[in-house]
Structures are given as C-alpha cells and as structure tokens.
Amino acid sequence: MTDDSPLGLVTAVVTGSLLLLGAGLAATGALGLLRLGSFYERLHATTLGTTLGMGSVLIASMFFFSVLQTRPVIHELVITVVMMVTTPISLMLLVRAALYRDRREGSREVPPAP
Amino acid sequence: MTRWLPFPSAAAALFAMWLLLNERVGAGVVLLGGVLALRAAQSLLTLELPKIRLRRPIAAAKLLLVVFREIVRSNNAVARIILGRKQRTSGFVRIPMDMRNPYGLAALACIITSTPGTLWVEYESAGNTILIHVLDLVDEEEWVRTIKNLYESRLMEIFE
C-alpha cells in the first residue's frame, strides 16, 4: 500500500479484517457441514455464514464504499433485513421435512409428535 | 387502521426500503415509492392477517441488542465446536410457552433459528409448546430458562 493510494491504510485494514472474518466464518460453516454428525447438527453450521459472516461482509461493504464515494452508502441494510427474515424460513422448511420423515420411519433420535 | 392505509408499519418499511435502494430523494422517487408502498400494504389485506400493534419501540430496540449479542456469542461458540474436538451431545428440548401471539412466536422462531447453536423445530398449538434443537446440550432446564427469560418475556412485552 503506497501513500498515494486513494483509500489509506486504515480503510484497507478495517475492510480487509472484516472481509477475512466474514469469509472465515463462512468457511467454518462449510467445514461444519463436513464434520458434524447428523442432519440436525449440520443445519447449525450453515447459520454461521448467514449471520455474523454475512454481517461482517456487509459492514465491510458499507464502510468501503462510504469512504470511497465520501457519502454514506447504506443500502446493504436491505440485504441484512431480507436475509434475517428469509433464512429462518428455508431452515425451518428443511428441519420440518427431516422431522416428518424421521417420525414416519419411527426413528428413536427424534421426539415423538405431541 | 383505515381502508387506505391498512398496515402503516409495513408501508413505512417498504417506503424506506425503496428510498434506500434508490439512494436519492427526489419528487419522482418519493411519489412512485409512496404509491407502491401504499398499494403493497393494501394488498396485504387479502391475506386477512391478525391485527398487529407495535408498541414499546424501546423494548424492541433492547431486544435487538440482546439478539445481536447472542448471535456474536454463539457464532464464536459454534465455530469452536466445529474447529475443536470437544465431546458434546446435541438434542431436542421442549419448551412450554406462555406467549400465544402469532407475531411474537414468528419473531421468536426467527431469533432462535438465526442464532447458531439453536434451531426452531416445531410449534404445537394445543399444548402451546415449542421444540428446539440444541447443538451443545448440557442442561435442558437451563435452555428453557434462557429462552423464556432472554426472549419470551421481552417479546410478550412488545407484542401482547
């Protein structure tokens, strides 16, 4: 990073750290899909990328483009809200489908229907 | 509310989203966004949703802070579980609920599912209980207390 860079060291370091944190969490979630045992356990791993992982990348994006364009760029907030509302829906659909099939098969690992 | 503005908070949220996506405030943007938000809110009437009253914005903001803190904390915990070799058991916990408000339950479902380490599995309306899956289950009673004290009491304050 040279002195005549349009960004400056602080922006580069902050953006880079946030992106690395987000990417690291997404990678950890993907690794969790591989390492965890059952279907229900694996679903927990995916939420790493969709919560703090996504949050870090979006904050990095907001910070980077706000500095670059010298005005507040905050439309990433819409992505945050839409992700927070839609991710649980798909996860719940998956877990309900798995629970339904496990109960039909008479699996002992899931609690019986009330 | 009225026939022209049935869901004011939904309309306001859609309008704010429109402005954010356009990134500028001009007469045309405001007019088009306003009409779209109004029409979208009116179309919600066909779903025949139960009435919603959002009171206590301060309590809602406090809840948002709690959720944010828990998401950061449990991201760390789940990442450690995935990367480490700790012995642990996962399992289901059934939690009796006091809250019956459908919006409150929907919000709780979103909160529990988006917090890594806990997963909303089902809601059983006859006994008013919920079933969650916990990745690192040590003490069932503690989870019941945590969910009720941390989230349910605050959500009841907001929605009921």
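These legends describe close-up views of a predicted model. Residues are numbered from 1 along each chain as its sequence is written, while chains are lettered from A and ligands numbered from 1 in the order in which they are written. Local features need pLDDT of at least 70 and side-chain atom pairs count only at pLDDT 80 or more, but totals for chains, interfaces and linings use all residues.

**View 1. Chain B meets chain A.** Here 31 residues of chain A are in contact with 30 residues of chain B (contact: C-beta atoms, placed from the backbone, within 7 Å). On the side of chain B that touches chain A, at least two residues each come from H1 (8-22), H3 (57-83), E1 (91-96), H4 (102-114), E2 (118-124) and E3 (129-134). H marks a helix (DSSP run of H or I, at least four residues) and E a strand (DSSP run of E, at least two), numbered from the N terminus. H3(B) gives the largest share, seven residues.

**View 2. The open sheet of chain B.** Three strands line up in the order E1-E3-E2, with antiparallel pairing (a pair needs at least two bridges found by DSSP). E1 and E2 of chain B stand at the edges with a single partner strand each, so one side of each has no neighbour in the sheet. On average, neighbouring strands are turned by 25° against each other, direction ignored.

**View 3. E1(B) beside E3(B).** Six bridges join these antiparallel strands. B:Arg94 stands opposite B:Leu131 in E3(B).

**View 4. H4(B) on the sheet strands.** H4(B) lies across E2 and E3 of chain B. H4(B) runs at about 150° to E2(B) (axes are lines fitted to C-alpha atoms, for helices over the stretch in contact; angles run from 0 to 180 degrees between N-to-C directions).

Methods:
Contact = placed C-beta atoms within 7 Å.
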